[in-house]
Every structure is written in C-alpha cells, then in structure tokens.
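Notebook open, one structure to go through. I'll jot things down as I look them up.

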Amino acid sequence: MNNFWRSTRAILHKDLRTEFRSREFFGHTFMFALLVIVIFNFAFKINAQNGPLLASGILWISFLFAGTLGLGRSFMVEKENDCVQGLALSPVDRSAVFVAKFLGNLVFLVMMQAMILPAFIVLYNLNVMENFLMQTVVFLLGDVGFMTLGTLIAAMSVNLKAREILLPVLLLPLLTPLLIFAAGATSSLVAGDDPSVYLSRIKFLAAFDVIFFVVSALVFEYIMDEL
Amino acid sequence: MDKRRIECRGVSKKYGDFDALKDVDLSIDEGDFLVLFGPNGAGKTTLLKILCGMARPTSGTAMVGGADSHSPEIRGKIGVISHKSYLYDSLTAQENLVFYCEMYGVANPGARAAELLESVELSHRKNDFVRAFSRGMTQRLSIARALVADPDFIFLDEPFTGLDHHSAVMFQSMLSALHKRGKTVMMITHDIPLGVSASTRAAILKGGRKVFDEPTKGMSGEKFMATYLEKAGK
C-alpha cells in the first residue's frame with residue numbers, strides 16, 4: 001500500500017473510531033434530519049399529484065441541512081490540542097487528509113440516509129426507493145458532491161469565530177445547483193419519467209462531482225497551511 | 001548543502017501588514033542544540049513553524065536537511081514538541097501512537113508504540129484515554145509522538161509550559177539524552193537558566209529580527225540574562 005492510501009486509511013480509521021465512541025455526528029444529524037421531515041410533513045399537504053416533486057425536495061433539504069450540521073465537527077476534532085498541526089507535520093500528501101475527511105463524512109451521511117429513508121417512506125407514504133438501483137446512484141452522486149464541497153468549506157471555516165453560522169452561509173449557495181439536479185433526478189425517478197429526463201440530471205451530478213473533487217483536493221494543501 | 005543542517009536565508013513572514021519576521025538568517029549545524037529566546041511577539045514560533053514546514057515564508061528560503069522544509073520527505077525527519085500535545089483526547093495512549101506511526105509509515109506500528117510507551121514510562125497507562133492524563137503525562141506522551149519516526153531534527157516550542165517540577169526534570173533528562181544521541185535540536189523557551197544550560201548555542205529574536213546568536217559554552221544564566229536584557233529589553 002502506498003503512502004497516500006496508508007495515511008488516508010489511518011485518518012479514516014481514527015475518525016470512524018472516535019465517532020463511534022462519541023456518536024456525536026451521527027446522533028445529532030439523524031435527529032435533525034428526522035425533525036426536518038416530520039415538520040415538513042405537518043407543514044405541507046402531500047398528495048399523489050404533488051408527492052414526487054415536493055417529497056423529493058423535502059428529502060434532499062433534510063439531507064443537506066442535517067449533513068451541514070455534522071460537517072463542522074469533522075475538523076473541530078482536529079483543532080482539539082492542535083492535532084491539525086500533527087497532521088500537517090506528517091510526511092504525507094495533504095490531499096490524503098482531504099480524501100480521508102471526505103470519506104469519513106460520506107460514510108456518516110450515507111449511514112444517516114439509510115436510517116432516515118425508512119422513516120421518510122412511512123411518513124410520506126411514498127416509496128422513493130422503488131427504482132432502487134438508479135435512486136441509489138442519484139443519492140451517492142449527490143452525496144459525493146455535497147461532501148466534497150462540504151469538507152472543503154468546513155476546513156476553510158474551522159478557524160472562524162462564527163463558523164457555525166458561516167459554514168451553511170458559505171456552503172448552501174454553492175450546493176444550490178447540486179440540490180436542483182439531485183432533487184430533480186429523485187423526483188423524476190419517483191414519478192416514473194422517461195429515462196432521458198433523469199439520466200441528464202445524473203450526468204450533471206457526475207460532472208459536478210468530478211470537477212469539484214479534483215479542484216478541492218488540489219487547493220486543500222493551501223488550506224492546510226492556514227489551519 | 002549538508003543534509004544534517006538547518007538553514008534559513010533572508011526569511012521574512014508577513015501577516016497582512018504585520019511583519020512577523022524580517023530577513024532572518026540562521027543556521028544550525030548537525031548535533032547543535034540551539035535555544036531561541038525573545039519577548040512575546042518576537043517571531044520565534046513563526047520561525048519554528050516555517051522550519052517545520054507548518055508555514056511558508058513570505059520571502060527567503062528555509063532548508064532542513066538540504067531540502068525545502070515543506071517537502072514531505074523532510075517532514076518525516078522532523079519531530080515537533082509544543083505546549084500543545086497534538087494528541088487526540090478520545091483515543092488511548094496506544095491508539096494515538098499507532099495512528100502517528102501509521103502516518104509516518106513506521107513498520108510494525110504496534111511494536112514501535114509499545115517501545116515508545118515504555119521509554120516514557122507510560123506502558124501501564126497505554127489503554128487509558130488521553131483526556132484522563134495529567135499535563136505531565138500528556139507531555140511525556142507528546143514526546144513519544146514526536147519520536148515515532150526517530151527524527152534527525154527536533155523542534156520544541158515552549159515544551160515546559162505547565163509542567164510540574166518532577167515532569168520538567170524528567171523531560172529535561174530525556175531532552176539531554178536525545179541531544180547526546182546526535183539529534184539536532186531547536187528549542188523556544190522563556191526559561192533563560194534552563195535554556196542556556198541545555199543548549200550549545202543561543203539566539204535572540206526581537207521584533208522579527210535576529211539580534212544575537214552565539215555559543216553558550218562557558219556562559220552562565222546570569223551573564224546571558226544581562227545580554228538578553230540588553231538586546232531584547234525588559
């Protein structure tokens with residue numbers, strides 16, 4: 001195993017271990033996402049006509065809000081005892097730190113989604129996972145784009161005094177295109193639209209992921225210098 | 001350039017309009033123990049961060065072991081001990097060391113971690129979380145962390161901060177043993193008698209500039225204190 005993947009695995013393993021001990025990220029984000037879908041369920045009158053469109057948007061908003069809540073913690077743990085300097089001093093490519101943090105955040109988001117989806121299907125009486133394979137692809141592509149930008153902005157905002165406010169303020173506008181296409185693709189799949197409709201949205205999500213992942217991994221080295 | 005030498009030439013660092021370092025030249029030979037003094041805000045930590053590869057100079061060059069201090073190869077030969085431990089509170093002592101061994105590509109991380117825990121007399125607490133450690137124990141573990149890859153260059157930033165007398169004495173003897181093993185050491189401290197007695201050379205920074213740099217052989221703490229007051233002011 002080369003240096004890059006060995007250090008990525010070490011950081012990921014460390015983050016998963018500390019999270020499974022504290023359950024802070026997972027517990028808080030799951031509860032928040034659950035509250036969002038419950039509140040929206042009371043706020044909107046969902047029926048067979050508006051169901052696919054509204055419910056898909058609500059689902060993705062719950063993922064984005066809850067995921068953003070948890071993102072801040074991924075770098076806060078490194079500020080404890082200045083551990084981020086320990087990472088910066090290690091003889092590893094700094095993009096390995098980015099990839100490990102990204103993968104850790106992705107794992108927690110996917111776990112949270114796996115718990116939220118059954119609750120959502122029961123509450124909204126709408127099986128969003130009917131086209132299981134394609135819907136899983138949409139969720140994964142949306143998650144990758146979300147966590148790529150989320151990990152980068154979380155690192156940039158970790159030293160700011162008002163980081164809890166600034167993280168969503170900086171991140172959510174950048175995620176707007178992703179939200180539009182991810183919710184659109186989910187909605188098309190639930191409504192049973194022609195494959196060309198959701199496939200074009202899936203292509204956009206894939207392009208978004210590739211562009212932002214490459215850019216984020218490249219600029220992360222300079223962000224590490226300022227942490 | 002000598003692969004065992006630390007050298008910076010014309011190093012300046014700006015934070016916005018503030019000049020933290022102004023045209024600093026400094027070289028530390030293999031096996032030297034340089035202690036860096038200066039009032040708060042003199043630029044000591046900034047210089048140390050540049051030499052460790054944790055920050056980039058605005059201008060000038062910082063070389064460690066014949067290469068840019070930012071290169072990953074050189075970072076693997078550097079150990080840093082600060083008043084911050086760089087240890088994870090939610091991991092045990094053993095887990096912290098194994099993590100850093102993996103980050104430095106050390107073969108057999110478990111065995112190396114056990115060996116280091118033994119050397120800092122913390123084997124009996126290896127499965128305890130760092131959050132349960134006293135300041136002295138945390139600092140001993142921090143030394144073990146800095147030594148995972150058996151570095152050639154050791155940088156210390158006020159490592160005695162918050163240590164009780166017993167821990168300070170133990171830390172000092174470990175530091176002395178490392179220096180005797182041929183490690184090149186640079187330490188920042190405000191403790192003049194301790195710094196002068198431990199070092200082979202002393203330098204003073206003031207206002208981002210180096211104002212003094214001489215061997216400490218035969219120099220008493222009192223004599224150096226007078227020099228310090230003259231160069232750096234009260």
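Where in chain B does B:His190 lie? I find B:His190 in the loop between strand S8 (184-188) and helix H7 (192-198) of chain B. Helices here are DSSP runs of H or I of at least four residues, strands are E runs of at least two, and both are numbered from the N terminus.

Ground rules before I go on. This is a predicted model, in which local features need pLDDT of at least 70 and side-chain atom pairs count only at pLDDT 80 or more, while totals for chains, interfaces and linings use all residues. Residues are numbered from 1 along each chain as its sequence is written, and chains are lettered from A and ligands numbered from 1 in the order in which they are written.

Back to B:His190. I get 14 C-beta neighbours inside 10 Å, so B:His190 counts as partly exposed (20 or more other C-beta atoms within 10 Å would be buried, 12 or fewer exposed, in between partly exposed, with C-beta atoms placed from the backbone). I also checked B:Leu36: its C-alpha atom is separated by 8.7 Å from that of B:His190, although the two are 154 residues apart along the chain.

Next, chain B as a whole. I count eight helices and ten strands. Of its 234 residues, 46% count as buried. Its C-alpha atoms fill a box of roughly 50 × 35 × 35 Å along the principal axes.

Then the helix pair. The axes of H3(B) and helix H5 (residues 135-146) of chain B come within 9 Å and cross at roughly 25° (axes are lines fitted to C-alpha atoms over the stretch in contact, and angles run from 0 to 180 degrees between N-to-C directions). That makes H3(B) roughly parallel to H5(B), a label for angles under 35 degrees. I noted who meets whom: B:Ala93, B:Asn96, B:Leu97 and B:Tyr100 in H3(B) against B:Leu141, B:Ala144 and B:Arg145 in H5(B). Contact means C-beta atoms, placed from the backbone, within 7 Å.

Last, the interface. I see 25 residues of chain B in contact with 21 residues of chain A. On the chain B side, helix H2 (72-75), strand S6 (78-82) and helix H3 (93-103) each supply at least two residues. H3(B) gives the largest share, four residues. I sorted that side into 14 nonpolar, five polar and six charged residues (Ala, Val, Leu, Ile, Met, Phe, Trp, Tyr, Cys and Pro are nonpolar, Asp, Glu, Lys and Arg charged, the others, Gly among them, polar).

Notes. Two residues are in contact if their C-beta atoms, placed from the backbone, lie within 7 Å. Angles under 35 degrees count as roughly parallel, over 145 as roughly antiparallel, 65 to 115 as roughly perpendicular and the rest as oblique.
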